[in-house]
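This briefing concerns the protein shown below. Please keep its sequence and structure in view while reading the points that follow.

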Amino acid sequence: MTAVLNVLLVATMSLTPVPPGVGVAPGAPGVDEQYLPADKSGLLTSRTRESLVWATVQREGGLGEIFYPTIDGPSARSLTFAVTARGGLSTAARVRTEQRDGLRFRQTFDGAGWRLTADYTTDPARSTVLVDLAFAAPPGYDLFAIYDPALGNSRSGDTGRTAGKALLATDGTVSSALIGDFTATSNGFAGVSDGLTDLRDGRMDWRYHRAEAGNLVQTAALKGRHSTLALGFGVTETDAAATARRSMRDGFGAVARAYAGGWNRYVAGLTEAPAGATLWNTSAMILAALEDKTHPGAYVAAPASPWAFGTDDPSGPYHLVWSRDLYQIAGGLIAAGDRSGAGRALDFLFTVQQGADGSFPQNSRVDGTPVWGGLQLDEVALPIVLAYQLGRTDTWPHVKRAADFLLGYPGAPFTPQERWENQSGYSPNTIATTIAGLVCAASIALANGDPASAARYLDTADSWRSRVKSWTVTTTGPYSAEPYFLRLTKDGQPDAGTAYDIGDGGPTGVDQRTVVDPSFLDLVRLGIFPPSDPDVTNSLAVVDAQLGVSTPRGYFWHRASFDGFGEQLDGSQWEYDEPAGSRVSRGRAWPLLSGERGEYDIAAGDVRTARTRLSAMTRAAGPGGMLPEQVWDLAPPHFTPGTPTFSATPLAWSHAQYLRLARNLDAGRLLDQPAAVADRYLTSAGSPS
């Protein structure tokens, strides 16, 4: 893979002595640079709760966001490397990323006449990231570390200084210390007095001992051809430096072995990988790694901030906990055999996130603090389904509050937001989750001696099931003479040409009968309609024609008609301020939808086709085995259809869906389909009249 890199080759005479810049760095506060691209090639964290640090591996090389002390807030933007040589200026290199034993990663950088190998680990005993560097190059080449802190989930406000062979940084109650065998160091401001700006002439001219609060970047010249870096974190500079030095004393080899041993023990406790599920262990480890260590059960959506979300300060929505995503993650953990992790997720949902009225916030920090203010009824219903899956009848007080909220919400099952978060209406997907949630709540109510509540829940579930098609299936749409499910309707009248704006830069005034979405398949997965239902099968043909994408890596689907949530037409990033109707961006194809389609195939008895869905998901993975949110469809130049875009990678939901599909394929049936729902609606004895 060739990319524009964080490893730079620049013309120099190899650290020729020059009058150094000393004292306090000029140019405060420097340039605010957004977080690095979201297509990560790896994620590191130990299995221990003593180590409160996570690190992402950049596809283009080096480490991206480093999180401390919680998984929802970066404390570093990057830790990357620069190479100087006589040979001239170059910003290109070949980077290969491989996953090592456990959730550990190695990157190999090949330049003109030189090679750099970087091994990454975190210390299970403390909050340190360790990097072991092997640099093969002829005389005249030198290696530098470039560290860009973002302490306390803020890219500005970091103060830095040199203390011996340590680069120290502080912002409020969070500090870091980068230590190694350095021959020179400097502290500066991004884009003005930082190391990369200095090294453009091939020489490290500046030796600034201190940089006041701003967009700090710290630079170190590394001695020799083998180096170990320790980046420690703590409350104070003293804490951070002591942490880094202890890790350095233990040595990279010993720390890496302890790290890998923790993950290997975790994998040994999982269900054995089904045949063909080559990403099984990786997917399970990624889900486990995305759990916060201070707040058990708080699994975030992704360790990345795609597109314009990378400008958020503090960091944005993918670093948050979403009730819907947490349900999906827990389902993946159950499939992998980690029921205790799924149980912690349920406990977090009910004891931390759930409000007094029974609802759940659209998303929250890992401590449960709500962030966005939307309401999604699927996020209220799915925790109930999870409680049923886990057999947690002890959660009845929480289940009752959630179910009562669904019954009492004005206009339900009309939802203020559906699963894609940018539309309100009657959504077949949301309605499927609420029906399943109420039937599962009824089962838990009966187990707790409350038949009256059970009866109310079942009456409402039956009513919504009997009406879901009248709310969401059109008979007058342009895509088929036969009825088909819509993404949603604004008014519960699917044969009316009611218009709405798509959002995310999509078109305005769109007839709701022209907007489709595969998400109605939850009506089958959750046991509400059989896979042979004629409206379901006809809708599949419509969705395939309108949203399906054939690529060299497999068959994928867009999430909805006219979707604009993705890169712009030329491959540049999606922006917050794209004008309505501009259509400058396009939502690409989603691998997780291939997993959902595979589950439908299993329900329909077509296991052979379902296996092709798992294969497509596997081939959608990027370097390091990371599954993305989206893959390229009709890709701009220089991108390959079916490969990861710059969307959030790894996406927890994608890895969870992979695990669930693989386990269901192995079983030949949908293990996560709630029996209470299927017994009520899919068997003649239990089906209500």
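**Surroundings of Leu333**

Leaving out residues up to four places away in sequence, Leu333 touches Tyr266, Leu287, Tyr299, Asp338, Arg339, Gly341 and Ala342, where contact means heavy atoms within 4.5 Å. The model is a predicted one, in which local features need pLDDT of at least 70 and side-chain atom pairs count only at pLDDT 80 or more, while totals for chains, interfaces and linings use all residues. Residues are numbered from 1 along each chain as its sequence is written, and side-chain values use heavy atoms, with hydrogens and water left out.

- Leu333 lies in helix 5 (residues 323–336); helices are DSSP runs of H or I with at least four residues, numbered from the N terminus.
- Leu333 is buried, its relative accessible area being 1%; buried means under 20% relative accessible area, exposed over 50%, and partly exposed in between, with a 1.4 Å probe and protein chains only.
- Between the C-alpha atoms of Leu333 and Met285, which are 48 residues apart along the chain, the separation is 9.6 Å.

**Helices 3 and 4**

- Nine of the ten residues of helix 4 (residues 280–289) are buried, among them Trp280, Met285 and Leu287.
- The buried residues of helix 3 include Phe252, Tyr259, Trp263 and Tyr266.

**Nonpolar cores**

- The largest nonpolar core has 169 residues, and those with the most contacts inside it are Leu63, Ile66, Phe81, Tyr120 and Val131; such a core is a set of buried Ala, Val, Leu, Ile, Met, Phe, Trp, Tyr and Cys residues joined through side-chain atoms within 4.5 Å.
- Helix 9 (residues 428–447) gives the most to this core, with eleven residues.
- A second, separate core has twelve residues, including Ala240, Ala241, Val255 and Ala256.
- Apart from neighbours within four places in sequence, the contacts of Val131 include Leu63, Phe81, Tyr120, Leu229 and Phe252.

**Packing of helices 7 and 8**

- Helix 7 (residues 377–389) and helix 8 (residues 396–408) pack at an angle of about 145°, their axes 10 Å apart; axes are lines fitted to C-alpha atoms over the stretch in contact, and angles run from 0 to 180 degrees between N-to-C directions.
- Helix 7 contributes Leu377, Val380, Ala381, Ile384 and Ala387 to the contact, and helix 8 contributes Val399, Ala402, Ala403, Phe405 and Leu406.

Note on methods: Helix = DSSP H or I, 4+ residues; strand = E, 2+ residues; numbered from the N terminus.
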